Amino acid sequence: MIRRQRLAAGACALLAALTAGLAFPAGAVADETEQAAPKVELVLDVSGSMRTRDIDGGSRMAAAKQAFNEVLDATPEEVRLGIRTLGANYRGNDRKEGCKDTEQLYPVGPLNRTEAKTAVATLAPTGWTPIGPALLKAADDLNGGAGTRRIVLISDGEDTCQPLDPCEVAREIAAKGIGLTIDTLGLVPDAKTRDQLSCIADATGGTYTSVQHKEELSDRVGQLVDRAADPVVTPVATDGADSCEKAPTLKSGLYTDREEFGQQRWYKVDVNPGQELRASVSVADDRAVGPNYGVLLRAVTSHGREIVRGEAAGTGRTDVISTGLRYPSPESDDDNAPAETVCLQVTQSFTAAAGVKTTPGLPLELTVDVVDGPSGHHDVAAFGLGRGWWLLGALVLAGFLAGLLWGWLSRWRVAVWRTN
């Protein structure tokens with residue numbers, strides 16, 4: 001009887017192993033381990049001007065430390081995070097020495113929150129502002145590997161180490177084709193600082209944000225660190241035209257452009273019969289603007305007839321406004337039917353605040369996706385289960401086998417009981 005019980009237990013264990021193997025294929029585990037970890041390096045300006053007390057009654061340095069502590073607490077486990085400083089050590093007046101003052105405060109790797117916070121707590125505003133050298137070193141810190149890489153630069157002033165122009169440094173980094181994005185944040189920036197930080201971000205397809213309050217800084221840095229954990233597509237710079245006839249033809253992808261206040265930008269997309277065009281646009285106000293604004297995205301035929309539109313309005317509560325549209329091109333019985341040219345028109349109604357420069361234009365991000373059009377077969381998606389049918393089948397089979405085994409065990413136990 002003991003031998004039979006062991007046999008039954010072994011059969012149950014084998015069935016459980018088979019069921020687990022069906023429910024969690026080995027390929028899924030392998031995919032997770034092979035995915036490269038995203039890397040982020042926070043680059044913080046610790047120059048003397050960070051002592052200025054103009055952020056919610058405290059110093060800029062205090063606001064940066066608070067933001068770092070909050071971000072370190074919320075950093076996703078899969079993100080490899082590092083911290084680099086500029087202007088944190090040299091207190092002298094030798095410009096040559098001051099422009100070498102950048103060091104890695106915390107190495108890029110698995111995050112030990114206590115150690116990282118302790119390192120940040122020791123910082124005190126000190127020296128120069130070598131943004132260019134710090135970006136070069138940060139790019140080296142993130143070099144290697146296939147994961148997404150992001151530099152988040154936080155500064156309150158212009159680079160003081162010319163002629164090494166940080167904009168040119170950013171362009172050099174972008175030209176290497178290593179997929180590294182630089183996002184910049186300006187703490188209570190003046191016009192020159194804003195222009196320089198915007199230029200750095202634009203060179204690598206990153207974003208620039210002007211910060212006036214502690215909460216803004218914490219929220220924005222946290223968003224950028226979280227974004228590193230998401231799959232990133234490097235946007236392609238393009239130049240929209242002032243009419244559909246002159247517009248560039250775009251394929252599926254992510255694009256960036258600049259749009260002047262009150263300007264219209266045009267782009268073209270070829271859509272084959274039976275395909276569906278999906279497009280969305282986001283416009284960011286990277287400077288002070290009027291409180292009421294909107295964005296309009298229109299799909300128009302080459303003859304000027306509007307097909308469909310998407311629009312959105314804002315009242316100053318967010319620094320980005322987005323809208324989108326979908327257009328399914330009708331099927332055709334002719335296999336050689338030509339593609340339809342669809343013109344996309346982007347219009348925004350931002351207004352510049354008094355004394356604010358209107359050039360360069362506002363950052364615009366356009367997403368274009370041309371996919372196979374919907375059909376009954378794909379839309380139904382197997383009654384909502386899609387590829388889940390194989391899992392349902394595996395569970396039914398496992399349940400059937402478990403029922404047979406349980407019935408056999410029950411019958412065997414009854415027979416033993418009767419014998420005894």
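**View 1. Strands β12 and β17 side by side.** Let's start with strand β12 (residues 275–284) and strand β17 (residues 362–372), which run antiparallel and are joined by nine bridges. Strands here are DSSP runs of E with at least two residues, helices are runs of H or I with at least four residues, and both are numbered from the N terminus. Look for alanine 279, which sits opposite valine 368 in β17. What you see is a predicted model, where local features need pLDDT of at least 70 and side-chain atom pairs count only at pLDDT 80 or more, while totals for chains, interfaces and linings use all residues. Residues are numbered from 1 along each chain as its sequence is written, and side-chain values use heavy atoms, with hydrogens and water left out.

**View 2. The open sheet around that pair.** Step back and five strands make an open sheet with mixed pairing, in the order β9-β10-β17-β12-β15. At the edges are β9 (236–237) and β15 (320–328), each pairing on one side only. Two strands count as paired if DSSP finds at least two bridges between them.

**View 3. Helix α3 against helix α5.** The axes of α3 (residues 60–74) and α5 (residues 113–121) come within 10 Å and cross at roughly 175°. The two helices are therefore roughly antiparallel to each other; that label is for angles over 145 degrees. Axes are lines fitted to C-alpha atoms, for helices over the stretch in contact, and angles run from 0 to 180 degrees between N-to-C directions. On the α3 side, Lys65, Phe68, Asn69, Leu72 and Asp73 meet Arg113, Ala116, Lys117, Val120 and Ala121 of α5, with contact meaning heavy atoms within 4.5 Å.

**View 4. The link between cysteine 99 and cysteine 161.** This disulfide (a pair of cysteine sulfur atoms within 2.5 Å) has its sulfurs 2.0 Å apart. The link is left-handed, with -105° about the S-S bond. Cysteine 99 and cysteine 161 are both buried, that is, under 20% relative accessible area with a 1.4 Å probe, protein chains only.

**View 5. Cysteine 167 meets cysteine 199.** Here a disulfide joins the two, S to S 2.3 Å. It ties together distant parts of the chain, 32 residues apart: cysteine 167 in helix α7 and cysteine 199 in helix α8 (residues 191–203). Both cysteine 167 and cysteine 199 are buried.

**View 6. Cysteine 244 meets cysteine 343.** The structure holds three disulfides, and one of them joins cysteine 244 to cysteine 343, S to S 1.7 Å. Both of these cysteines are buried too.

Methods. Parallel < 35°, antiparallel > 145°, perpendicular 65-115°, else oblique. Buried < 20%, exposed > 50% of the residue type's maximum accessible area, 1.4 Å probe, protein only.
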